Amino acid sequence: MTLPLRGWSVAAESEADLVGRVRSGDARAFEALYLRYHHSLWRVAYRYVRSTAVAEELVHDVFLAVWRGREVWAIREGVEPYLTSAVKHAALRSLRREAAWVHARDAAGNAGESLAVSGAAPDVTERMAGEEVDRVLAQAVATMPPMRQRVATLRWGRGLTYEEIAIALGISVSAAMQHVSRARAELRVVYDRLTGG
Amino acid sequence: MDRDTPRNIPDDELDEHLEQAFGARAPVPQPPDARASLAVLRSRLEVVGPRVRSGARVSWGWRSVAGGVALVGVVAVAGIGGSRLVPFTRAQPVREFASALGSRAAITLRDGTRLVLGPGTHLHIPASFGQADRMVELDGEASFTVVHDERHPFAVRTPRALIRDVGTVFTVRAYRGDPSDRVVVQEGQVLLAACTDRPVAAHRPDPSTRCPSGSLSRGDIATIDDTATTKVHRSDVASYFIWVQGGLAFNDALFEDVVRELSRTFGLEISVADSALLSQRVTGEFADVPPDEVLNEVTRVVGGRYDRTGRRVVIRRQTTKAVHPDRDSPPPLHTALAHDPTA
C-alpha cells in the first residue's frame, strides 16, 4: 500500500480512493482529506462569517458530519466541490441563526437604548474608519431599517449573492434583491453628494 | 433612466466601492495551521464521536453539607475555605448544582463541558438539557469551558441575559443581588443577548422583545444591568478568571463590592461600621491566600481595621493617629496591594 513510488504523488492520490477509505472507516484517509482541504475550506467559511473562530468551527462541523455519516457518504462530483458546498451551507445556516439575535438587537436599538454590543454591522462600522466617504456611507447604513442594514452588510460587507442573502435571512430572493436595490439607491445619493456628483 | 436622480456612477462601480468600504474586499487572513486544527478536530471526535458517553449516566454523586443540595458528578475543588462536599451513596436524577459560600466546585457535565462554580452559586439544568440545546440557568458565578456542538448549542441564562457559546472559555457572574451581570470571554466567541423578559422556553431571544444582542470575542468584558443596557469593553481578562484557581483580583473596585466578594469567597458575614469606607477603591491581586491575610491587607489599604469573631467580621475606620492623622482627609486610594511589601 505504501510503496515508495506513491510517496511523491500523495497530492495526486486518487480522491475516489480516499473517499472509499473514509467510507470504510480509515481515520488516516479522513485526516489526509482534512489536511488537503482545510485551508481552502477555511477561506470559504471566513468570507461568510468574518470570524476566524467561527470559520474554524464550521470547517470542523462539516468534517465531523462526514465522519459520523461516513458509511453512507456519497458524493457525485469531486470531493472539493462537495466539501466547499457543505461549508457554504453551514456558513449560511450560521448566519441565519445569528439573524435572530440581530433582529432582537435592532428591536432594542430602535427603542433608543444605549448599546455597545456590536451586532449586525461590525464589518460596516469597524472597517470603514479612516476615509471620510466610507465613514459617511457607514452612517447611512446605520440609519437604515434593520432588515435593509442586515442585507447591506451581507451584500457589501461579505459579498454574498442574492440567493445566499435570501437563505441567510430567511427571506425570498426577490425580497433580497429589493432590499439591496433600495439600500443601493440610498447609498448612491450619499456617494454622489460626497464625490461632488 | 430617471432624470431627477442622475446616475454618476454605474451600479457595478458603486458596488465595487461599497465592497471596498464595507469589507467584502478586505483580505482574508491566513487560516490556522492545518495540523493544529486537525488536533482540535480529533479532540472533538473523541468527545462527540462515541455517542455512548452522552447517554451514560453518572452513577455517583455528592451532597453539599452546607446547603443540603444534591450534586451529580461533582469534584470538590480544594482551595479557599476547603472542600465542603462529602459523598453520598445513592444515585439520583439530580439537576441542581450548588456551591456553598466560601467554596467552589468543579463540574463536568455529561457532554464534556467543564464548569467551575464560584462561591454561593446555584446552577439549574432543566430537564430539556441536551435535546434541542444545552441550556443552563445560573445564579452566581461560573466559568465555562464548553465542548461545542453546533446542533446542541450551549447557552447560559441569567436573570438579565442569555449567553450562547461558539466553542469557547468564558465566565458569567450573575448574582441576584448584584446591580449587573458580567460576561468575560477568555477564548473563542460567545453570543450575548440582554433579555429582560424571558419566557421559559426561549432558547433564542424573541425578535419582538427588547433584547440587545451581539457577539463577544476573546478579551471582551460585557456588563448588563437591569434596564438591559449592555456595555462592552476590551481588556486583559486574566484577572477575571483568577478566582477559578482560588485567587482574588480587584481592579479599582469599590470597597463595597470588595466586601461583598470577600463575604462570598470566604463564607463570612462582613459588615462595615463606617459607611465612608464603602466608597473607597481598591486595586490588587491575591493568589490562594488565607482569609485573614486578605482581610488584613484590604482593610489596611482603605485605612480600616477589622475584628473577627468566628464567621462574623466587622470593619471599622482605623483611628490611630499615626496611620490617619487628618480625620477629614481619606487615606490614599488605588494602592496596589500586591506590590506592597510592608504587609
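Student: What should I know before we start?

Tutor: This is a predicted model, where local features need pLDDT of at least 70, side-chain atom pairs count only at pLDDT 80 or more, and totals for chains, interfaces and linings use all residues. Residues are numbered from 1 along each chain as its sequence is written, chains are lettered from A and ligands numbered from 1 in the order in which they are written, and side-chain values use heavy atoms, with hydrogens and water left out.

Student: Why is the pair A:Tyr34 and A:Phe63 called edge-to-face?

Tutor: Rings of Phe, Tyr and Trp (its six-membered ring) pair if their centres lie within 6.5 Å; planes under 30 degrees apart are stacked, over 60 edge-to-face, and the rest tilted. A search of the whole structure finds eight aromatic pairs over all chains. For A:Tyr34 and A:Phe63 the centres are 4.7 Å apart and the planes stand at 75 degrees, so the pair is edge-to-face. The two residues are 29 apart and link distant parts of the chain: A:Tyr34 is in helix H3 (residues 27-49) of chain A and A:Phe63 in helix H4 (residues 52-68) of chain A. Helices (H or I, at least four residues) and strands (E, at least two) are DSSP runs, numbered from the N terminus.

Student: What makes A:Trp42 and A:Tyr46 a stacked pair?

Tutor: Their ring centres are 5.2 Å apart and their planes are at 20 degrees, so the pair is stacked. Being four residues apart in helix H3 of chain A, A:Trp42 and A:Tyr46 are separated by about one helical turn.

Student: Are A:Trp42 and A:Tyr46 buried or exposed?

Tutor: Buried means under 20% relative accessible area, exposed over 50%, and partly exposed in between (1.4 Å probe, protein chains only). A:Trp42 has 0%, so A:Trp42 is buried. A:Tyr46 has 9%, so A:Tyr46 is buried as well. Both A:Tyr34 and A:Phe63 are buried too.

Student: Which residues form one aromatic cluster?

Tutor: A:Phe30, A:Tyr34, A:Phe63 and A:Trp67 do. The ring of A:Trp67 also has the charged end of A:Arg70 over it, 4.1 Å from the ring centre.

Student: What makes a charge sit over a ring?

Tutor: NZ of Lys or CZ of Arg must be within 6 Å of the ring centre and within 35 degrees of the ring normal. In chain B, B:Arg264 lies over the face of B:Tyr175, at 3.3 Å from the ring centre.

Student: Where is B:Tyr175, and why does B:Tyr175 count as buried?

Tutor: B:Tyr175 is in the loop between strand S12 (169-174) and S13 of chain B. Its relative accessibility is 6%, so B:Tyr175 counts as buried. B:Tyr175 and B:Gly140 are 35 residues apart in sequence, yet 4.2 Å apart in space, C-alpha to C-alpha.

Student: Why is helix H8 (residues 146-157) of chain A called largely enclosed?

Tutor: Ten of its twelve residues are buried, so H8(A) is largely enclosed by the rest of the structure. Among them are A:Arg148, A:Leu154 and A:Trp156. Just after H8(A), A:Gly159 takes a positive phi of about 75 degrees.

Student: How do you know that strand S8 (residues 121-124) of chain B pairs with other strands?

Tutor: Two strands pair if DSSP finds at least two bridges between them. Strand S5 (residues 96-99) of chain B and S8(B) pair in the antiparallel sense over four bridges, and B:Glu96 has B:His124 as its bridge partner. S8(B) also pairs with strand S9 (residues 134-145) of chain B, in the antiparallel sense over three bridges. There B:Leu123 stands opposite B:Leu138.

Student: What makes a space a cavity?

Tutor: On a 1 Å grid over the protein atoms alone, a cavity is a set of points where a 1.4 Å probe fits but cannot get out, and lining residues have an atom within 4 Å of a point. The structure holds four cavities of 30 Å³ or more. The largest cavity has a volume of about 120 Å³, where a volume is the space filled by probe spheres set on the points, joined across faces, edges and corners. Its lining has 15 residues, with B:Arg104, B:Pro119, B:Trp243, B:Glu261 and B:Thr265 nearest its centre.

Terms used: 1 Å grid on protein atoms, 1.4 Å probe; cavity = no way out; pocket = protein on both sides within 12 Å on 5 of 7 lines; lining within 4 Å.
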